[in-house]
There are 6 protein chains.
Amino acid sequence: MALFDLPLPELRSYRSPTPEPPGFDAFWSGTLASARRAATPAKVTEVSTPLRGITSYDVTFSGYAGQPVKAWLNRPAGATGPLPVVVEFIGYGGGRGLPIDWLLWASAGYAHLVMDTRGQGGSWRGGDTPDPDESGAGPSSPGFLTRGVLAPETMYYRRLYTDAARAVEVAAELPGVDASRLVVAGKSQGGALSLAAAGLVPEKVSAVASGVPFLCDIRRSVTITDSDPFHEVVRFLRANPHQASRVLATLDHIDVVHFAKRITAPAIVSVALMDAVCPPSGVFAAYNAIPAAKQIEVFEWDGHEGGRGFFDTAALEFVDDRLS
Amino acid sequence: MALFDLPLPELRSYRSPTPEPPGFDAFWSGTLASARRAATPAKVTEVSTPLRGITSYDVTFSGYAGQPVKAWLNRPAGATGPLPVVVEFIGYGGGRGLPIDWLLWASAGYAHLVMDTRGQGGSWRGGDTPDPDESGAGPSSPGFLTRGVLAPETMYYRRLYTDAARAVEVAAELPGVDASRLVVAGKSQGGALSLAAAGLVPEKVSAVASGVPFLCDIRRSVTITDSDPFHEVVRFLRANPHQASRVLATLDHIDVVHFAKRITAPAIVSVALMDAVCPPSGVFAAYNAIPAAKQIEVFEWDGHEGGRGFFDTAALEFVDDRLS
Amino acid sequence: MALFDLPLPELRSYRSPTPEPPGFDAFWSGTLASARRAATPAKVTEVSTPLRGITSYDVTFSGYAGQPVKAWLNRPAGATGPLPVVVEFIGYGGGRGLPIDWLLWASAGYAHLVMDTRGQGGSWRGGDTPDPDESGAGPSSPGFLTRGVLAPETMYYRRLYTDAARAVEVAAELPGVDASRLVVAGKSQGGALSLAAAGLVPEKVSAVASGVPFLCDIRRSVTITDSDPFHEVVRFLRANPHQASRVLATLDHIDVVHFAKRITAPAIVSVALMDAVCPPSGVFAAYNAIPAAKQIEVFEWDGHEGGRGFFDTAALEFVDDRLS
Amino acid sequence: MALFDLPLPELRSYRSPTPEPPGFDAFWSGTLASARRAATPAKVTEVSTPLRGITSYDVTFSGYAGQPVKAWLNRPAGATGPLPVVVEFIGYGGGRGLPIDWLLWASAGYAHLVMDTRGQGGSWRGGDTPDPDESGAGPSSPGFLTRGVLAPETMYYRRLYTDAARAVEVAAELPGVDASRLVVAGKSQGGALSLAAAGLVPEKVSAVASGVPFLCDIRRSVTITDSDPFHEVVRFLRANPHQASRVLATLDHIDVVHFAKRITAPAIVSVALMDAVCPPSGVFAAYNAIPAAKQIEVFEWDGHEGGRGFFDTAALEFVDDRLS
Amino acid sequence: MALFDLPLPELRSYRSPTPEPPGFDAFWSGTLASARRAATPAKVTEVSTPLRGITSYDVTFSGYAGQPVKAWLNRPAGATGPLPVVVEFIGYGGGRGLPIDWLLWASAGYAHLVMDTRGQGGSWRGGDTPDPDESGAGPSSPGFLTRGVLAPETMYYRRLYTDAARAVEVAAELPGVDASRLVVAGKSQGGALSLAAAGLVPEKVSAVASGVPFLCDIRRSVTITDSDPFHEVVRFLRANPHQASRVLATLDHIDVVHFAKRITAPAIVSVALMDAVCPPSGVFAAYNAIPAAKQIEVFEWDGHEGGRGFFDTAALEFVDDRLS
Amino acid sequence: MALFDLPLPELRSYRSPTPEPPGFDAFWSGTLASARRAATPAKVTEVSTPLRGITSYDVTFSGYAGQPVKAWLNRPAGATGPLPVVVEFIGYGGGRGLPIDWLLWASAGYAHLVMDTRGQGGSWRGGDTPDPDESGAGPSSPGFLTRGVLAPETMYYRRLYTDAARAVEVAAELPGVDASRLVVAGKSQGGALSLAAAGLVPEKVSAVASGVPFLCDIRRSVTITDSDPFHEVVRFLRANPHQASRVLATLDHIDVVHFAKRITAPAIVSVALMDAVCPPSGVFAAYNAIPAAKQIEVFEWDGHEGGRGFFDTAALEFVDDRLS
């Protein structure tokens, strides 16, 4: 994909024109409160892997409405004393896979909690967490972005964002963890979840590392790219044009821009200028909304790869620096 | 798509090698019995349309587990006396749309019940029926084919097939309908549902018109085409290879071949020899399993169009002939 | 296709900069006069179909140069007294197919004349009308848009537009029809033909329903999309660059914008903002040129689907309202 | 395209199972006789080019039904005495273009007549010959393969094959040409025309050079590839399935296999084993049917490029050898 | 990609029909001997990374003709005593990237030497090793597979295979390594290199883990897939058909099948049945040629993903088991 | 490709903003001086072809660093006296192929030297010239544009541009040639080389004919198209983002814009407005920089075909005019 979005100087000051939906705070605080009320203590069980340097645990914690959510916890083998902890969220379509798929943060000396993504894990890396949905919530385009999208109460991402905030709360209480050094991280959908979680439970989060985040400035993003998953919304609205304002109003409730405003922890973000999956204007709209200390890594030539190891390195260094 | 499946002479005698899964009858009769127990009477409300020749009704009936399922009922305006009735099922991804989208059977003098497809209707024609799913049932590939696919009890198509059988039962009891002349019809997924319903409640069905049916001879079909929706299964098994035998065993429960064996009504089926969406060997596997009187329309040059108006004409004539 | 044309506010006031070619009126009035001189009475023969609610007729009428053009006429079965009549034109590549393919307007209480498209009907729905072409008229790109395109006199669309105007004249004289309530309708190429016919014989037309019309603002449209059929022109001009001004001057004679100016009947038009086949600036250029009462349905999310049943409903209501 | 047709050893003995249609000889001899009766003498006019080594002429001769067909004649500048002459036919979609596009045979010392292809020349190299078609002959898929395809009398290729045979007769009578050394040549559609002409007027032809010929073993070829132009037939039959036997019977009249049987001149043919446009089994079916001396150049790795300069060299050497 | 190669039961016994080229052993032993003669001691320099659990080193060793080749060495931080060592090779187009890209084997307790791929690293993960090529060695298709392919002496893969064998020899001499427990591993091109190295220096290798290896049964593979990199050969032979036998004879010298025969260490291999990049018949041809203890992981649903974490787990367990 | 670059009026005055890199003249004069010092006399050997009108010679001359470069020399057969001479360069990926592939300029009365492209000739027309590269010069993306791109000294195009300048010098000294009438010509990469050579050895060149030249305004071009070969740079920078400024600084040394400034001969250039391979803004940037007499042929509808025979004709006429 050639350069297709705004030029970089305009991106640097781009702000989303979409206002926060009314009742945003109440919607999310109510949702979180319900989840907490329904929560039971996390279960943490060691699992066997061929790794000698990392000890892995299967974790089950209470997410949205107290529903069970799976995660892996990887820790440097033999580490004693409280460790800083990273909560990582996963890109669209993938699940938590296997413990050996997640080695970076434990190798760097962190406790590393990888939250499974409810219902996902059927496309490219397996998952283990169901997405119970009593409401059913009407038609959807194949994928997750339009599940339940006719109302904020029923939409899929309400459940998933709540899981993410809960994962942070759970991580802070894991044994052997230093809750004062808690990081949220992820890329693409995982990048969106890390910013959302940092905005939902800002008091718990010490640093944010969000790579090419998805779900930013949604009203614009769905009109400037043909790539999935954003195009799922377009497909849905073609089939259901009479629902357009309702659907967009629902999606406003998960637009990362509104969570970014609430972040208090220092944040590092990456953006790729040729990224048609998560267009750069959206990423900048979210980044520019963050009131805390922040740093953006601009990958001028990347598509949705978004820097890969180069961003990982920058993120590790940024986080090390902020937590010490 | 050039010819890619077996040559026509071999297709004519092709039989699926996959045996019926153990407990098949008990599984389905139990599911249906539960649905019937939870059922409440259908609601039928006239709706306004710009059509003068057809009267339309919004229908809500009790499907799987008594859950509400929407439908349209179209009748020739001013018709008096009981009419033969067609229950139609919809292709993958589409919902019931608008009453004006469904004119063929009412124009031909039938009462026409078009069942909405739960959860679908977000891709190309809108829908109105949610798919409540308390179990959540684990990861899935975007789409519907792998929803809940880890067990027969939780899979999406258990719910949808049950809706279809229930739609037949409901149609038979609609006022102004001659239940002794009840037809099931549809194309692609709708063709699969019509064969499935005819096998689930054979005593209610007087004729079947199934165009290029989906979900036939699934174990073979998923290996000979790259087209969605069959490819959803492949994608799921790439992410979750350890689940392959479980997933295939689940899918055996919805393989149309096993329902075809139970059909007692005369059936007309279409097949397209260049159809990569519903490969012809699968269609013939189902067709060849039907023990009742039957007729197959072979479209040698078609892909998944599967004959369109030519098959519609043949189906109308076949049905007229069988019901008179 | 993401948004790729002008933003909606600019579209709303966009006007084509291309002037009407000199001699436009004389060219078309002469062509029509010749066609009328060569005309013989239409032949209308009832045909058998499986439909009980609609009576169908095979129609042959005199089109361009008196050449025979086929049509279907569908009427509500048993209707007595003069009916309002709709003349419908077909999208690119398709022919009239079967009578059962055309149920909407008869179901709504109209006589419905569906004009076959000369030479077309070999791509997705069959046709029955030849396109005699004594001149041969030089090379063309596969397709119909560049047939005979080196001169207005020889181009294919001269013949087809004339057929369309003649279809209106013929429809007005059909038995059992109320010529004071005559509608032209169609989508894509059919949308272009409905606007062209309404501009060619404005005194015969009482209402226009044109969905995502093709052939609007041609000089711009061929430069902003890669999609066929507009791209046929580009392909032709690559092979014959020395003919560019001649070809574009020929195409000016069929640019819908110039016909729109002559429309006197109220018109409803649809446009789809992500439509790369019939780009929205062209549709607005034609719409904005209509001097009569008018209404535009904007489908913000659609590609060339252009609203489908939603536009059908709006069109039926608009027409009902205007004719009553 | 990977190897997709029969293995080479099977290709070497592959024969088309399609019998010659009844009346084949009478059909073609009648058509040719009519063309000859309507013929007028060719017009040959020198044209100016920037070439000093080649003299070019614009030629107009009488083709099918005496209709005018254009050609270029290139001769080595200053050549005196009668020259051997090559009649070349052009690939699908292209026209004769410019004289400078045709340098090979004149550079090799031949008079070189390049026949324009009626109606073509709108896709990639311009043309100058119209295709008058009084009959119109019904619907067609965009392209030339299904024009008039409902009957042998009306099909486009009847006209084009006749042009080709006439071009040979005209070439033999050009001034400065040695009619006893006349070659027909071409690639793809041009390869088909060279074999067809060599079968239609075998007594005029001294050698044949046919590269990757199109239109061989048509009934099989249309089922084993998705590539155009063969796929035009599939598209047509999807729209008009009731016409399939009629269409295929028409195409039998232009199947190169039946012309190959009538060739008496030595022939060199090329085939490419990965050629999805002109599948190798068709080429071998034609080649294997040639009763005269023959040679085949097998390009194992080529798609429809079919050897290019390597085949040109082989053809020049083969022809030189046969004519000396 | 649907199933496209031989059925699994035939794959299980499939043997390549291509004989070993004459002089194979002399060619490779001579090449290796030259490389050893030109070798200088490896340079190993610690590099700084953000990882606390892994210590990383930049390694430069003498590869083909003594030319410098880069590698990363990752070791569990603080490990004392000799460690088993894994030499890993990289997939096509990628370079060694960053130390943090390679965490699996060190996390499992191994010293892990990741060899950079000369000249590669410009497509998806960066590299640092040049590919000096004094000969230049004629034309090539973009990519590496046809570089120097006109003779075994000049081809690119001669240099790369030699680097791989040298990497094994170098790894065995690294400080802190237990040379009696040396593993070669990799996927795709890396899988080919691991089998090649295990065949070139079998006495040094204790276990092999080769995922979906490339370059197996080359003569067949290039004819049954259109995917790069195998298709580079086809492209080259289209441009240079007169070189085909020479090119194929050159490629015989790097066909993994001939190296597999020489392996003495136990080997685990993966194959994916829908893998169009490294077709399964090639993988089985290599696997079936291994005379040592062996195990194959068949991924029935995978394309070139080839099992990913599932194969990693199997490989770790297999290796652990063999080395203990 | 629809119009995607600047509008034509803006193109007509577009100038590249990229300054000439420091040391540009010294870099190239030093490189050329070295090449000249290492040069040995060209070898010219007649080769046999089937052409009677053209005599062909195999030429080997000393290019970059004195390395041997192949060429074909075609001359009108029997021409006596010194001829004007054209040096032609070849498009990306192709080699010199066969002498019969190059007939235009000899047919027009010129001696015609066709320079082979080192290392290329493996994609679509064969080649015979190796590209010795002692440095190896680090990773590259498949293709030639990023070979050695980390420094001006090592990059592939340094060698190729030098070959081109040397080919001009060699052509001027060929026997039977009038060095005062020397033309450089080519299309795409060949167009770039003709402009580069005309800027490197301006005193030797009498006219330039450059069709749709590649490698113009590189910094912009790589950001506005996804087409190869420009996209090779993007791919490389994705893998090696830390090298971006170095890579772009290297590419500045071969940006045709800087050579265009040094051209003193009259030049004809073509540009195609829908050309995504060599975007029109780049071509205009180079054209607008030429200080000599010049003419541009604008093909408004072409993609990278760039006018073909129409431009050939214009170029022949332009050159004839300038040389007489």
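Let's start in chain F of this predicted model, where strand S3 (residues 68-76) and strand S5 (residues 111-115) run antiparallel and are joined by four bridges. Look along that pairing and you'll find Trp72(F) standing opposite Val114(F) in S5(F). As a reminder, strands of a sheet pair through backbone hydrogen bonds, either parallel or antiparallel.

Now zoom out. S3 and S5 belong to an open sheet of nine strands in chain F, ordered S1-S2-S3-S5-S4-S6-S7-S8-S9, with mixed pairing. At the edges sit strand S1 (43-47) and strand S9 (294-299) of chain F, each pairing on one side only. From one strand to the next, the twist averages 20°. Over at the S9 end, helix H10 (residues 280-289) of chain F lies across S8 (267-272) and S9, running at about 165° to S8(F).

Next, hop to chain C for the packing. The largest nonpolar core has 88 residues, and Phe89(C), Tyr157(C), Tyr161(C), Val184(C) and Leu215(C) have the most contacts inside it. Helix H4 (residues 156-172) of chain C gives this core its largest share, eleven residues. Sequence neighbours within four places aside, Tyr161(C) touches a whole list of residues, including Trp28(C), Leu200(C), Leu215(C) and Phe259(C).

Finally, go to chain D and find Leu200(D) in helix H5 (residues 189-200). Is Leu200(D) buried or exposed? Its relative accessibility is 15%, and buried means under 20%, so Leu200(D) counts as buried. Leaving out neighbours within four places in sequence, its contacts are Trp28(D), Leu32(D), Tyr161(D), Ala165(D) and Phe259(D). Leu200(D) and Trp28(D) are 172 residues apart in sequence, yet their C-alpha atoms are 7.7 Å apart in space.

Conventions. Residues are numbered from 1 along each chain as its sequence is written. Chains are lettered from A and ligands numbered from 1 in the order in which they are written. This is a predicted model: local features need pLDDT of at least 70, side-chain atom pairs count only at pLDDT 80 or more; totals for chains, interfaces and linings use all residues. Side-chain values use heavy atoms; hydrogens and water are left out. Two strands pair if DSSP finds at least two bridges between them. Helices (H or I, at least four residues) and strands (E, at least two) are DSSP runs, numbered from the N terminus. Axes are lines fitted to C-alpha atoms, for helices over the stretch in contact, and angles run from 0 to 180 degrees between N-to-C directions. Contact means heavy atoms within 4.5 Å. A nonpolar core is a set of buried Ala, Val, Leu, Ile, Met, Phe, Trp, Tyr and Cys residues joined through side-chain atoms within 4.5 Å. Buried means under 20% relative accessible area, exposed over 50%, partly exposed in between (1.4 Å probe, protein chains only).
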